[in-house]
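Dear colleague,

I am passing on the structure below, and after it you will find notes on what turned up when I went through it.

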Amino acid sequence: MDGRGGLHDFRGADLSGGDFTKAWFTQAVLVNVRLIGAIFYRADLYSADLVGADLTGTDLARANLDGAAIRSARLDSADMTKASLLGADASGASFRGTRIMGASLFGVDMRGADLTNAILFQNTFRFTVDDATIMQGLTGTAFGPITAFGGGMSRELAGPELEVWIAERDGHVQVIPPYSMPK
């Protein structure tokens, strides 16, 4: 591979176990691709189309997923340490058991996503969720706020209010106030 993923359409391929460290997949078409256990450490997946892709157990540490379409993708047990997902569409995606640590999640659509048993650690986020977003077993720390849609309305949640909202959905996340460190 020449590292210029944007020039390629990998639709439906099986690239499981591949090492794509620092590879460039900008605007690549990875629809329904199997990427189980692949390594995308520091890879550039800017605006990649990963709709329906299976990224179970994938290393996405420090990967750039800004503007990526990861709708209905499976990212179960993935490592997303310090990944960037600015403006990504993760609606309906599965993040079961995923480690989302120090990641940037600004403008991410997480409506209908499954965050069951995902682990957060000091993530900076401003994402959108709805009543279909599953947060059971979600743990860790994060900076807020989020926008929650439900009952035909939306509201912004931050601080203790966000902690309570997540707890009502069986998650246990400490929301860190700006410019402070967790105890």
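**Around Ser94**

Ser94 touches Ala73, Arg74, Leu75, Asp76 and Asp114, where residues up to four places away in sequence are not counted and contact means heavy atoms within 4.5 Å. Please keep in mind that this is a predicted model, in which local features need pLDDT of at least 70 and side-chain atom pairs count only at pLDDT 80 or more, while totals for chains, interfaces and linings use all residues. Residues are numbered from 1 along each chain as its sequence is written, and side-chain values use heavy atoms, with hydrogens and water left out.

Ser94 is found in the segment before strand E1 (99-101), a strand being a DSSP run marked E of at least two residues, numbered from the N terminus. With a relative accessible area of 13%, Ser94 is buried (buried means under 20%, exposed over 50%, and partly exposed in between, with a 1.4 Å probe and protein chains only). The side chains of Ser94 and Asp76 are joined by a polar contact of 2.5 Å, that is, a pair of N or O atoms within 3.5 Å, of which, within protein, one must be able to donate a hydrogen and the other to accept it, and residues adjacent in sequence count only if both atoms are side-chain atoms.

**Salt bridges**

The whole structure holds 10 salt bridges, each being a side-chain nitrogen of Lys or Arg within 4 Å of a carboxyl oxygen of Asp or Glu. One of them pairs Arg34 with Asp14 at 3.3 Å, N to O; both residues lie in the segment before E1, so the pair ties together parts that are 20 residues apart in sequence. Arg34 is partly exposed at 41% relative accessible area, and Asp14 is partly exposed as well, at 49%.

A salt bridge also forms between Glu156 and Arg126, whose closest N and O atoms are 2.9 Å apart. This pair links distant parts of the chain, with Glu156 in strand E6 (residues 153-157) and Arg126 in strand E3, 30 residues apart. Glu156 counts as partly exposed at 48% relative accessibility, and Arg126 likewise at 38%.

**Lining of the largest cavity**

Strand E3 (residues 119-130) gives the most to the lining of the largest cavity, with 3 residues.

With best wishes

Conventions:
Helices (H or I, at least four residues) and strands (E, at least two) are DSSP runs, numbered from the N terminus.
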